[in-house]
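Here is a short report on a protein model. Please look over the sequence and the structure first.

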Amino acid sequence: MMKERKTKRRCVKRSGGAVFSSAREDLISTLPDALISQILLYLPTKEAVRTSVLSSRWKSVWLLIPKLDLDSKQFPDHNAFMGFMEKFIDISREHKSCLHKLKLRVHQNGSDQSCVTPWIDFVARRKLKHLDVECLSVKRDQYLEVIPLSLYICDTLVYLRIHGVSFGLFESISLPRLKTMCLEQNAYASEKVLESLISSCPVLEDLTIVRRTHDNVKVLRVHSQTLTCLSVGFDSGESDEAMHSYSKGETRLWIDAPRLKYLYLENEVSKSKVISNTGSLVKVSFVDSCSYPSDEFAVSKQQIVRDFFTAISRVKDVTFSKSIMKLIWAYLQVQPLPWFCNMSCLEAEFSRSDVNILSTFLERCPNLTSIVLDLTHCTTYQDSISFSRLPQCLLSSLEIVEIKSRFTGRSVEIKVARYFVENSLVLKKLVVHLSDSMQKRSLVHLRDLLALPRPSNCQIVYVVDS
């Protein structure tokens with residue numbers, strides 16, 4: 001007869017007097033709460049909360065985790081999400097626990113009540129270091145949440161990201177440890193609120209501002225003695241009508257940051273851009289930045305534009321969108337550009353006849369070593385392209401040229417490629433992108449390019465794009 005097997009706890013004594021249990025034990029549960037909370041820290045919040053059902057021992061251990069990362073979409077409905085957060089706040093208050101990192105993504109509709117403001121107020125008073133709150137409303141102009149006054153004086157805060165919230169008036173502000181701040185699609189009680197928020201962060205290094213045309217800020221002033229990286233732009237979801245209307249108003253962007261190294265402007269349509277103290281600036285990037293239309297390039301704007309280009313003339317690495325190249329084209333009809341003697345890397349996007357200024361522009365960049373040209377939107381015919389100049393950089397410094405548009409054999413691509421191959425004395429590599437759908441036709445033109453005499457014996461490389 002087969003005996004029934006049962007698991008029993010037996011103690012076995014071995015040499016040395018050590019006693020071992022032969023049955024499996026829950027060793028993790030014997031660890032101190034502080035150590036268990038550190039282990040749970042590496043789990044998603046949702047999974048960490050689930051450990052509370054393991055046993056009475058685990059019921060409240062997850063509350064000791066110093067971070068909370070939640071998305072309201074993870075709950076059955078908005079009320080369930082609010083109920084969970086309210087319970088968490090109550091228990092945290094009872095246990096006097098501190099939350100160092102809070103990340104919330106809250107989806108709200110027009111009928112939802114304000115709920116995030118008191119939660120931020122609670123954590124801001126308890127040694128908060130990292131706050132990331134994203135409020136997504138179905139109505140673009142609706143701001144249900146307001147930043148509590150306690151956040152403006154949170155002396156432990158190091159990282160702050162706020163999306164879709166209203167910043168009200170405040171009497172005092174002190175954020176002595178804040179190094180990274182990201183403000184996205186918010187509204188501000190006044191221009192002074194945003195200006196003071198930026199300038200009152202004595203160790204701020206990285207600042208991102210994504211704006212809306214109705215954010216109540218016509219003049220954006222960025223004053224900081226410590227800022228090294230700045231990104232400013234407008235929400236890509238704004239309508240063309242709203243962006244056009246905003247750009248026509250008395251809008252300004254003022255930047256005074258003597259330690260600034262990296263500047264990124266995306267969809268930045270302010271009528272005037274003034275940048276001062278640019279001695280540390282290394283890289284400037286413009287993406288879809290709007291410019292003054294050529295037919296409105298009045299004499300009164302010439303000095304503003306010249307001051308703008310002079311401010312960035314010492315930068316080493318530059319990316320110009322097609323709108324900026326249009327601005328350069330319009331400016332060159334009136335007077336020459338300042339010299340860009342420090343520029344070594346350039347990426348530029350051309351459209352229509354703007355490509356005609358290529359050689360003229362390169363003449364102002366005598367030490368350029370690398371250039372990337374995007375000709376995707378350039379529809380100029382070969383007969384209308386004229387490169388009458390031979391810039392210094394082609395004779396002494398330019399080593400790498402990349403044509404990012406798909407090399408389908410269009411006249412503009414052929415003309416530009418030939419210009420560099422035939423005239424660059426120190427060119428090491430020319431990279432062209434071929435269209436996968438027109439690869440056979442592209443290869444024919446590529447062979448013609450390879451057959452050209454090359455004074456520098458440069459390598460011609462092609463990349464097939466799908």
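The report below moves from the whole chain to selected residues and pairs.

## Basis of the model

The model is predicted, so local features need pLDDT of at least 70 and side-chain atom pairs count only at pLDDT 80 or more, while totals for chains, interfaces and linings use all residues. Residues are numbered from 1 along each chain as its sequence is written, and side-chain values use heavy atoms, with hydrogens and water left out.

## Overall build

The protein has 13 helices and 22 strands. These are DSSP runs numbered from the N terminus: helices are H or I with at least four residues, strands are E with at least two. Of its 466 residues, 48% count as buried. Buried means under 20% relative accessible area, exposed means over 50%, and partly exposed lies in between (1.4 Å probe, protein chains only).

Accessible surface comes to about 23800 Å², with carbon and sulfur atoms supplying 51% of it. The areas come from the Shrake-Rupley method with a 1.4 Å probe; for residues, only the protein chains shown count as cover. Among contacts with a separation of 6 or more, 67% are between residues 24 or more positions apart. Contact means heavy atoms within 4.5 Å.

Glu145 sits in the loop between β5 (130-137) and α5 (149-152). Glu145 is buried yet has no salt bridge. The nearest side chain of opposite charge is Arg212, 14 Å away. For charge, Lys and Arg count as positive and Asp and Glu as negative; His and the chain ends are not counted. A salt bridge needs a side-chain nitrogen of Lys or Arg within 4 Å of a carboxyl oxygen of Asp or Glu.

Glu145 does have polar partners. Its side chain reaches the backbone nitrogen of Thr117 at 3.1 Å. A polar contact of 2.8 Å also joins the side chains of Glu145 and Gln108. Such a contact is a pair of N or O atoms within 3.5 Å; within protein, one must be able to donate a hydrogen and the other to accept it, and residues adjacent in sequence count only if both atoms are side-chain atoms. Beyond four places in sequence, the contacts of Glu145 include Cys115, Cys135, Val165 and Ser166.

Gln108 lies in strand β4 (residues 101-108). Gln108 counts as buried because its relative accessible area is 5%. Its C-alpha is 5.9 Å from that of Leu136, 28 residues away in sequence. Outside four places in sequence, Gln108 touches residues including His78, Leu136, Val138 and Leu144.

## Buried packing

Phe81 is found in helix α3 (residues 78-95). Phe81 counts as buried, at 0% relative accessibility. Leaving aside neighbours within four places, Phe81 contacts Leu70, Ser72, Phe75, Leu104, Val106 and Trp119.

Helix α6 (residues 191-199) has Val193, Leu194, Glu195, Ser196, Leu197 and Ile198 buried. Its buried residues pack against α5, β7 (166-167), β8 (180-184), β9 (187-188), β10 (206-211) and β11 (219-223).

## Salt bridges

Side chains of opposite charge can pair when their charged atoms come close. The whole structure contains 15 salt bridges. Asp71, Arg105, Asp132, Glu134, Arg161 and Glu184 are linked in a network of them. Asp215 and Arg211 meet at 2.9 Å, N to O. Asp215 is buried, with a relative accessible area of 1%. Arg211 is also buried, with a value of 1%.

Lys283 and Asp317 form a salt bridge at 3.4 Å, N to O. This pair links distant parts of the chain, 34 residues apart: Lys283 is in strand β16 (residues 283-287) and Asp317 in strand β17 (residues 317-320). Asp317 is partly exposed, at 23% relative accessibility.

Lys428 bridges to Glu399, with the closest N and O atoms 3.8 Å apart. The two are 29 residues apart: Lys428 is in the loop between α12 and β21, Glu399 in the loop between α11 (392-396) and β20 (400-406). Lys428 is exposed at 54%, whereas Glu399 is partly exposed at 30%.

## A nonpolar surface patch

Leu390, Leu395 and Leu425 form a nonpolar patch on the surface, with about 240 Å² of accessible area together. Patches are made of residues with over 30% relative accessible area and no salt bridge; like charges are joined within 9 Å, nonpolar side chains (Val, Leu, Ile, Met, Phe, Trp, Tyr) within 5 Å. Leu425 is in the loop between α12 (411-423) and β21 (429-435). Leu425 is partly exposed because its relative accessibility is 44%.
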